[in-house]
Amino acid sequence: MSVEIVVADTADVVRITGSIDAKTAPEIGLALQPALGGTRDVVVDFAGVGYVSSAGLRLLLVIYRKLQAESRRLVLAAVKDDIIQVMSHTGFLPFFTVAANESDALATLSESR
Amino acid sequence: MPLTIESSQAGDRAVIRLAGTLDAASAESVRQAVDVALAAQPAWLELDVEHVDFMSSAGLRVVIFAKQKQPSVKIAFRKPQAPILDTLKKTGFLDAVYVIGDDGG
Amino acid sequence: MDVRIDSYATHDFAGYRFRQGKALPFGASVVGNGVNFSVFSSRATACSLVLFENGAPLPLVEIDIPPEFRIGDVYAITVFDLPIEDIEYGFRFDGPSDPHRGLRYDRTRIVADPYARVMSGRDTWREEPDWTNNYQHRSRVSFDDFDWEGDRPLEHHMSDLVMYELHIRGFTAHPSSGVSAPGTFAGLREKIPYLKRLGVNCVELLPVFEFDEWENSRTHPDTGEWLGNYWGYSTLGFFAPKAGYASTGRFGMQIDELKTLVKDLHANGIEIILDVVFNHTAEGDHRGPTISFRGIDNSTYYMLTPDGWYYNFSGCGNTFNCNHPVVRALVVDCLRYWAAEYHIDGFRFDLASILGRDQNGAPLANPPLLESLAYDPILSKCKLIAEAWDAGGLYQVGSFPAYGRWAEWNGKFRDSARSYLRSKPGTIGEIASRVQGSPDLYSSRGPSTSVNFITAHDGFTLADLFAYNEKHNDANGEGNRDGSDDNESWNCGAEGPTDDPAINALRLRLAKNAMVLLLFSQGVPMLVMGDEFGRTQHGNNNVYCHDNELAWVDWTYAETNAELFAFTRHCIALRAALPVVRSPHFPNALGGEGRDADITFLGTDGGAAEWAGWNSVLAYRLRERSYRDGTPGDELMVMFNMHWEEQYFRLTPPLDGSPWHVLINTTMPSGTDAFQPLDAPQVTGSSFIAGPRSVVVLISGSRLH
Amino acid sequence: MQIEYPYSDTIAGYVQSFDSARMIAVVRTAAGRDVPVTITPSTYAKITVNLGESYRDATSMVPSLLANLDQCVFAYGTFYPKGSEATFEAQFLIFPGTSPGRFRHEEPAWWIEQARSIATSYVGWQFDHPAIPIDYRNYRTYLQLGGTKKGDFLQETDTISRLVYGMSAAYMLTGEDAFLDASEIGTRYLRDHMRFVDDDNDVTYWYHGIRVEGDRETKLLTSEFGDDLQSLPMYEQIYALAGPTMTYRLTGDPEILHDIEQTVKLFEKFFRDESGGGYFSHIDPITLDPRAASLGNNRARKNWNSVGDHAPAYLINLFLATGEARYAEFLEETFDTIVRYFPDEANSPFVNERFHEDWSHDQSWGWQQNRAVVGHNLKIAWNLLRMQSLKTKPEYVATARKLGDTMPAAGSDLQRFGWYDVVERTPAPGTNTYRFVWHDRKAWWQQEQAILAYAILHGTQGDERYLRLGREAAAFYNAFFLDHDDGAVYFNVLANGMPYLLGNERFKGSHSMSAYHSIELCFLSAVYTNLLITRQPMVFHFKPYPGGFPDNILRVAPDLLPPGSIRIDAAWLDDEPYAAFDADALTVTLPADGVRHRVKVKIAPTTWLQDTPA
């Protein structure tokens, strides 16, 4: 598991590699602090994510709620289809804006606003 | 160049020899010549157009109209020049008439 | 840093750190950085907690719970720093094995937690299990958080419900369903727009508590068809949703998937009622497997004969000992859990009469369980619906101990409706009571007590009811011996499918007649999935074991039988539009003091009704109670002609003097067999001829303009 | 005089009351007369069925149907004299729908399926499709009642062109390839055999037809019809364009457009009356002179066909396909001329149809004298309202409504529904009835004009009376004109609706029939009913050639409808969803990939009605 934070001009981009589950969620949570602590919109790049467990989905929702409370926006990029399926069937999907890849994600953020 | 019209009768064959330019103006006189020729109920109406340099659509309509009025008559063009053949094609009339050369075809 | 003083371990074993746990709540719950396990057993001598890595054949560790951790009959332990998503757990109990005294402890077995909120082992529907595994149904730790976004149970008034009974798998398993996750909660969620279109506002799900579809599974000797426990009336864990019903069950996310379904149903105004089976468990009789209860406290959880055998009032081997205080508490905890955690709107209790038997099986005058459910603070707005009979011969339709709360599946509505629809002589009087909401049965409770149905999952489908005289259950592999022989069905002249247009037209008309009878009767109508477009089971009236097209909804019927669908939809919309047919009060059949009765039964000549047994024609005028104080409202003239010839009815003018309009006439072809009030054609004459075996409903009132 | 013998007739109207004890229903006719209709035990009833549908008996539903106030019904029965009265006993009833205000012909697929059936009949009859490939060499003008050929070897331009129109329209509705083949092959056949390209005058015109004799064919330059002998009638040239233009809407074949443009040139050069306006009805075959003495009573004349028929026959379709301003102007000029010269309210509710050069009325001509073709009046009303959607002018609406309001009393059958044929333009002295000129039969194409006129009158003017009149006309047509035995529609029925099958009127193909009006009716009824009245979406099919239409713009507006009333809801390219369309402009931008694609568009009314129950 690894987390990389890139500061793009419209938002902070968080690139996660590995699974997001009960084991990794706390570390990921910590690693995200620089981005979450800020004031800008956040893009989470899932290109390197193969599996998201219940705990992982919960982490994402918590992040979403935090940003929402600060009227900041969260976009998930490059999420694999089977993960999208799971998120859809467990009702997590509607909370998130999803983009095909990082650049699309940044584009959506710059468009609407 | 004015049009000269020369009619003759040979057995069941009426021949009208034309020379010059068959334009809209001269079409009316050709119409009369054709009417006369057909009055004798010939089996063939032969139009010798070897020396006709130009044949207007009006001239052609005279012939087509004649054929329509007397379906039994066979119509032949003798030695049409290229532009005339072309007109016959464009007007879809070629497959309704016979075209003959020197041999009398 | 964590400031809780109980957040540190006192004990250590094989690298697992733990301390004395909390006795309540029962089951496994996440507390800070640990997981608390609590389990009851009154006769065990020792208990150990067994932890597995997901799916592993052998345990990760087995922690003997120190004697000092036991308080009363409850063993509780908190284990710290567990990777909760990656482990399964169970218990091993030591204790006497003396079957004749009802004691069946077995140290060689690992048993599941009765309070397990997630169970693994059957994560994907019909995926062949590893039979060598000695711990088949495993408990798992769950997340209990969910973002409800302000949802809560809808609390529709009972009398406003139109219920729709469905089987999670059967509803969308068929390829024609066109959903992305066939046969799952997610699949049903994709069909919510369809339910909206149909107009139902409540779904009743066949059992969704974890069960084993492989229980007693076999292959049909002739067809080779897999036969198993498809319906699921055999519970493994009362707190765990069926993993195989969740497309995400293989990831252990069934809780979120089901809660999402509930949230979306509610968002669309549709309540969700669960069919719950507390009368027995999947452990069967003494020959059955030891899964949980038997190995934890056999004589507490089951009704036993004096010499330790299992009472079998359920017809399924054992009988859950519901009126034992401990078991009663489990049932109450369970229902509270589903109502509070899943926002479930109500429960239908399978063979509920068993819940009114004492520990020796004798019917109780005042069954504590039923009473405590009726007065429970969390369940106070939940629908409680009893299947008011059991397999032990107790039949309590109309007499079920209700405490003013309980509704009943009205089996008598089903029986008399079926008899009347096939023109059986002598049914006219009873059907008159049924259309009023069965005051003869529920006089003290009101029509909302009566859940009216003509078909249910158990028995013929509506289409088969008018296509078969006999059951055809050979596909069940029991020589056509299973299933009821008393179906009150009529094949209309040919057994099964036919090309005869007259017979097919009659069958369609009878189905429409049935829909009117069901949806225009006082009480709570219940349809079964697929009946709205003529689903067939080819004459099979007991498809409990079929996970195939026999039991699934074939959605192509929605096209081929669009006519019946459109008609049903019309009737449901009319019920919603016309409060007069879903009154919370029984209509008053007596006039007097210058006011008119709410309902008047009439003869074809407009005079008094003919109640003689030979008569198969029922006509009545039904009006809103507002007429009692002289305020005009809706008034209906309903004419049931179950006679094989057309019937002439003399019409008397409506009370408000306005003309009659035709709302329903099942003699008419599709599109003009039912109207919404604003389109209803005005009646031209002072009499009406109802076609052979048809139903006509006329309306008058302000709603028309 | 009082009628003292039993006689049979048809009553059409709406149930006012029904005494189910005596089985007597009172039916109110369009004239407002209440007729008691007795239902006897032997009375049978049926529901109107479409071509291709099986018989639907309604005998068992009669009491239910008659119990509906204002239920529409046709009753054929017998008047039995009884004192000064007469009782009417029904032999059979026909119900055009199974509840008041519900008409089967308003079902979304009704007219589409009717078009499919008629077109299928004709490709079978004319070309033995699908047994052998479609070849117009086998086309014959005359078809017997059952569709068999009469054995003549005459092929008429305008009749083939009408069939081509029918096939193109049927394709646009159904997307069936056979219909597109028939229209494209037919268009090519017209070009190869009927076209006269006149280079000296730089115009194109069309032979009246050909007589086929083996591999040679005699071209028929001038009309063979009695009305038009020895001349080139405008009417035939106009109808020569009907089929090709409709085909062009589907394919964008530039060759077709060229022929059309050259023919329009012919109209402008030789038929147009530069001084007086409008177009002459005939010109001399040789001199192309409208004033030639040889034309006899057709000399220097103008009539409905030469002035007005442009619009419905090809011009509106040409504008829909090209969107070119010059055709819009041509249309405008056409309708301005109509509203200016045709109405004759001082003398008659009917328009005057024949004119001298100076627009003075010609009321001595041939059979027409001072007589009215009822259908032409309705056709004018219908087309004025199409034009109204292209360019709004109060006089268009006024004239259309005037005709729509006066025609029922003057030209329709208020006892049985349906529309008459040719009547005197002025009532017989001392009466207010416009006498029938020859007979009281009802021709299929006149019904078409009424159905379309009142459909569009209601659809654009929203007046309930027009809806009723349109429904009555369509109910009569669908109840009596469909030939359920042999296919397609009858030419004529008697006033009471029974088919009239004698002489020329037995034919399924003739110089006026040939699947033109019957399918035009299906096409436009489907459009007006679905898109303007019941507000249901419709699907249309096209198959343009790559690079055919300028700028690859395919125009899919089905007809001239009120601006903003419809939009493209979805589009498919070879059945794959396709997004490159302008919903409100009703255009699809075709891919420039050099491939010929099937284009399907779903067009929906801008105000969409949800399906019941609401």
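Tutor: Domain bounds here come from an automatic or database domain assignment. This is a predicted model, where local features need pLDDT of at least 70, side-chain atom pairs count only at pLDDT 80 or more, and totals for chains, interfaces and linings use all residues. Residues are numbered from 1 along each chain as its sequence is written, while chains are lettered from A and ligands numbered from 1 in the order in which they are written.

Student: Into which domains is chain D divided?

Tutor: Domain 1 (7-102), domain 2 (106-533) and domain 3 (538-605). The C-alpha centres of domains 1 and 2 of chain D lie 35 Å apart.

Student: How are two packed helices described?

Tutor: By the angle between their axes and the distance between the axes. Helix 3 (157-174) and helix 5 (234-251) of chain D pack at about 25 degrees, axes 8 Å apart. Axes are lines fitted to C-alpha atoms over the stretch in contact; angles run from 0 to 180 degrees between N-to-C directions. Helices 3 and 5 of chain D are therefore roughly parallel (under 35 degrees). Residues that meet include Tyr165(D) in helix 3 and Tyr239(D) in helix 5.

Student: How many residues of chain D touch chain B?

Tutor: 18 of chain D are in contact with 18 of chain B. Strand 10 of chain D gives the largest share of the chain D side, five residues.

How values were computed. Contact = placed C-beta atoms within 7 Å. Helix = DSSP H or I, 4+ residues; strand = E, 2+ residues; numbered from the N terminus. Parallel < 35°, antiparallel > 145°, perpendicular 65-115°, else oblique.
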